[in-house]
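Open the structure in your viewer and keep the selection tool at hand.

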Amino acid sequence: MKKIGILFGQENTFPAAFVERVNQITKGKDIVAEYVIIDKVLQGEPTEYAVIIDRISQDVPFYRAYLKNAALNGTAVINNPFWWTADEKFFNNCLATKIGVPVPKTVLLPSKEHPTDTNHNSFRNLKYPLDWDSIFKYVGFPAYMKPHAGGGWKSVYKVTDVQDLWTKHAETGQLVMLLQEEIVFEEYFRCYCIGQKYVRIMPYEPRNPHHLRYDAQMKAQGEAAKKLLATMEDYVLRLNKALGYDFNTVEFAVREGVPYAIDFCNPAPDADLHSVGEANFEWVVETAAQYAIERAKAHKDGQNNLSWGTFVTYSAGYTPIIPEATSSGKKASKKASTKKATESTAEAVTEASEDSKKTTTRSTKSKNK
Ligand SMILES: Nc1ncnc2c1ncn2[C@@H]1O[C@H](COP(=O)(O)OP(=O)(O)O)[C@@H](O)[C@H]1O
Ligand SMILES: [Mg+2]
């Protein structure tokens, strides 16, 4: 019997629905799902779970350490706790520029206050002042300023000009911030991606109050809509395969028909029935349940059962992950890597496209009720 566990915090609707759905599908035969129960954490000792869906360790360091030990002992943790520990939004954007996904022009800003236990001597490698002229010219105004590792719309600012930037930056304490070009969008989407292959594209209106944000409809029509959906699906898959997330959402702001990835570091994305709505909720519960079962079936005792993104696997294999970036042996390796990337994307798009097309239509329809 293999166990699938879910580790969660304050959310109320998704965990119960997930456990119930897995058990409905498997009928308790060979695979069961339950809430993770921890009564002690001993180094090097396995947990009883083949698979754990992690919805909370971003806020609970104790759980994060528990999950790393679980992974070491063979648990397939969704999402990979090692990668999530390493990742942040600036790196996400940097990687996007290398894998052909459009992102707003973005720069990293040092924190307003010195990190605890550091002082001005800790920053002797920084030039004062920074080259603000180039930075402002690159990003432009208005701009968005937001934490380089954050979420939930916390400390996200729209800044209108230099003075406004100084005023708002002064409020950000020790947070390292991104300064980002504003994408003035004609439409906006939020896309679930599960297992680096199942994609659901949801029209989303970030300017609505929280409970009405999914109450939106796609504006593009006909061929333009088709093309936009296919492009977003391709970008969602590229990002999640490169980063190695099995459960993530990607947000796009569409400007002149081009989807720019805005926020794609959401490894415990909101899946609450009351915010995403019934149809999206059903898709997430069903897809997450099917995917967890898939992972439990593929699980091999005593092995590393984590997913890793191509950024890590190619790096570890000394394969250039970024074809354009190679200098020596450029042609051969470029060809090989490009082929690899194309094949995997094409394969994944085929796998996901049917489902996504169906579900996108369903999601759009459900908004008409
Ligand atoms: N570069 C941008 N251009 C336009 N709108 C943006 C940009 N960055 C953020 N926003 C708006 O701010 C919201 C919150 O920013 P986001 O990057 O998603 O942060 P969080 O991770 O906290 O959700 C987005 O949903 C979007 O509406
Ligand atoms: Mg967001």
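**Stop one: two crossing helices**

The crossing of H1 and H9 is right-handed. Keep in mind as you look around that this model is predicted.

To see the pair, select residues 14-26 for helix H1 and residues 278-298 for helix H9; their axes lie 9 Å apart and the packing angle is about 55°. That angle is why H1 counts as oblique to H9.

Now show the side chains where the helices meet. On the H1 side, pick Phe14, Ala17, Phe18, Arg21, Val22, Ile25 and Thr26; their partners in H9 are Val285, Glu286, Ala288, Ala289, Ala292 and Ile293. Colour this contact by class and you will find 10 nonpolar, 1 polar and 2 charged residues.

**Stop two: the sheet by H9**

Stay with H9, which lies across strand S9 (187-194), S10 and S11 and runs at about 170° to S10. These strands belong to an open sheet of 4, ordered S10-S9-S11-S12, with antiparallel pairing. On average, neighbouring strands are turned by 30° against each other, direction ignored.

Zoom in on S11 and S12: 5 bridges join this antiparallel pair. Select Arg255 and look opposite to find Val258 in S12.

**Stop three: ligand 1**

Which residues are closest to ligand 1? Select Tyr144, Gly151, Ile183, Pro206 and Asp263, out of the 18 that surround ligand 1. Strands S6 (143-147), S8 (177-181), S11 (247-255) and S12 (258-263) each give two or more residues to this shell. Coloured by class, the shell shows 8 nonpolar, 4 polar and 6 charged residues.

Conventions. Residues are numbered from 1 along each chain as its sequence is written. Chains are lettered from A and ligands numbered from 1 in the order in which they are written. This is a predicted model: local features need pLDDT of at least 70, side-chain atom pairs count only at pLDDT 80 or more; totals for chains, interfaces and linings use all residues. A residue is near a molecule or strand if its C-beta atom, placed from the backbone, lies within 6 Å of it. Ala, Val, Leu, Ile, Met, Phe, Trp, Tyr, Cys and Pro count as nonpolar, Asp, Glu, Lys and Arg as charged, and the others, Gly among them, as polar. Axes are lines fitted to C-alpha atoms, for helices over the stretch in contact, and angles run from 0 to 180 degrees between N-to-C directions. Angles under 35 degrees count as roughly parallel, over 145 as roughly antiparallel, 65 to 115 as roughly perpendicular and the rest as oblique. A crossing is left-handed if the near helix is turned anticlockwise from the far one by less than a right angle, and right-handed if clockwise. Two residues are in contact if their C-beta atoms, placed from the backbone, lie within 7 Å. Two strands pair if DSSP finds at least two bridges between them.
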